[in-house]
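This briefing goes through one protein chain by topic. The coordinates and sequence come first, and the notes follow.

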Amino acid sequence: QLNIDPTPEFKTEPNLFYYAMQSVIDNAFKYYNESPRIESYVNIKVVNKGKEVQISIRDNGVGIPINLDEDSLFHMFTRGSERSLTGGMGLFIAAISIRKIQGEIHFNRAEDFSFTEFIFDLPMFPDPARIEKPRERH
């Protein structure tokens, strides 16, 4: 499901933005709840807050263990699920990408594992001189 406010003036570094979105959305699909009683969903919401854009990606997959907090979840090699095949790199890549485009990343979860939500707060008008663009591969 998509719910997107118009944000015509929003500009950012497209590759880093793509890496962040792709990592979190990919996780929502990889770690869906396999129970036949659950109707899986992924909700993406974009809210224009004037000087920033807030993007929320929420799903009802397997969830993130309660023992993982925001400080440790976005570290390299931290696995949020036993089903992880990438060695805990997806959310690390998302966090690094968001920070490089002058944004912040947070997550919420329900204690009953009914949802997990990742929130990106991104500046509507980032300082182009401060954006760390990815290096070209040769």
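Helices (H or I, at least four residues) and strands (E, at least two) are DSSP runs, numbered from the N terminus. By that rule, N60 lies in the loop between β3 and α2 (70–73). The model is predicted: local features need pLDDT of at least 70, side-chain atom pairs count only at pLDDT 80 or more, and totals for chains, interfaces and linings use all residues. Residues are numbered from 1 along each chain as its sequence is written, and side-chain values use heavy atoms, with hydrogens and water left out.

**Whole chain**

- The chain has 3 helices and 5 strands, arranged along the sequence as β-α-β-β-α-α-β-β.
- Of the 138 residues in the chain, 41% are buried; buried means under 20% relative accessible area, exposed over 50%, and partly exposed in between (1.4 Å probe, protein chains only).
- Among contacts (heavy atoms within 4.5 Å) with a separation of 6 or more, 65% join residues 24 or more positions apart.
- The accessible surface is about 8800 Å², and carbon and sulfur atoms hold 52% of it; areas come from the Shrake-Rupley method with a 1.4 Å probe, and for residues only the protein chains shown count as cover.

**Helix α1**

- Helix α1 covers residues 14–30, and its end C-alpha atoms are 23 Å apart, which agrees with the 24 Å that its 17 residues should span at 1.5 Å a residue; the expected span is 1.5 Å times one less than the number of residues.
- The buried residues of α1 are L16, A20, M21, S23, V24, N27 and A28.
- These buried residues fall within an arc of 155 degrees seen down the axis of α1, so they line one face of the helix; the arc is that of the directions from the helix axis to the C-beta atoms.
- That buried set packs against β2 (42–48), β3 (52–59), α3 (90–100) and β5 (116–123).
- P14, Y18 and F29 are exposed on the other side of α1.
- F29 has a relative accessible area of 55%, and its C-alpha is 8.0 Å from that of V42, a residue 13 places away in sequence.
- At the start of α1, a side-chain oxygen of E13 comes to within 3.0 Å of the backbone nitrogen of N15.

**Nonpolar core**

- A nonpolar core is a set of buried Ala, Val, Leu, Ile, Met, Phe, Trp, Tyr and Cys residues joined through side-chain atoms within 4.5 Å.
- The largest such core has 25 residues, of which V24, I55, I57, I98, F120 and L122 touch the most other members.
- Two or more residues come from each of α1, β2, β3, α3, β4 (104–109) and β5, and α1 gives the most, with 5 residues.
- Not counting residues up to four places away in sequence, V24 touches I57, L91, A94, F118 and F120.

- N60 is buried, with a relative accessible area of 9%.
- The side chain of N60 reaches the backbone oxygen of E39 at 3.0 Å, and a polar atom of that side chain lies 2.9 Å from the backbone nitrogen of Y41.
- Beyond four places in sequence, the contacts of N60 are N33, I38, E39, S40, Y41, S114 and F115.
- Q102 is in the loop between α3 and β4 and is buried, with a relative accessible area of 18%.
- The phi angle of Q102 is near 70 degrees, a positive value in a residue other than glycine.

Methods:
A polar contact is a pair of N or O atoms within 3.5 Å; within protein, one must be able to donate a hydrogen and the other to accept it, and residues adjacent in sequence count only if both atoms are side-chain atoms.
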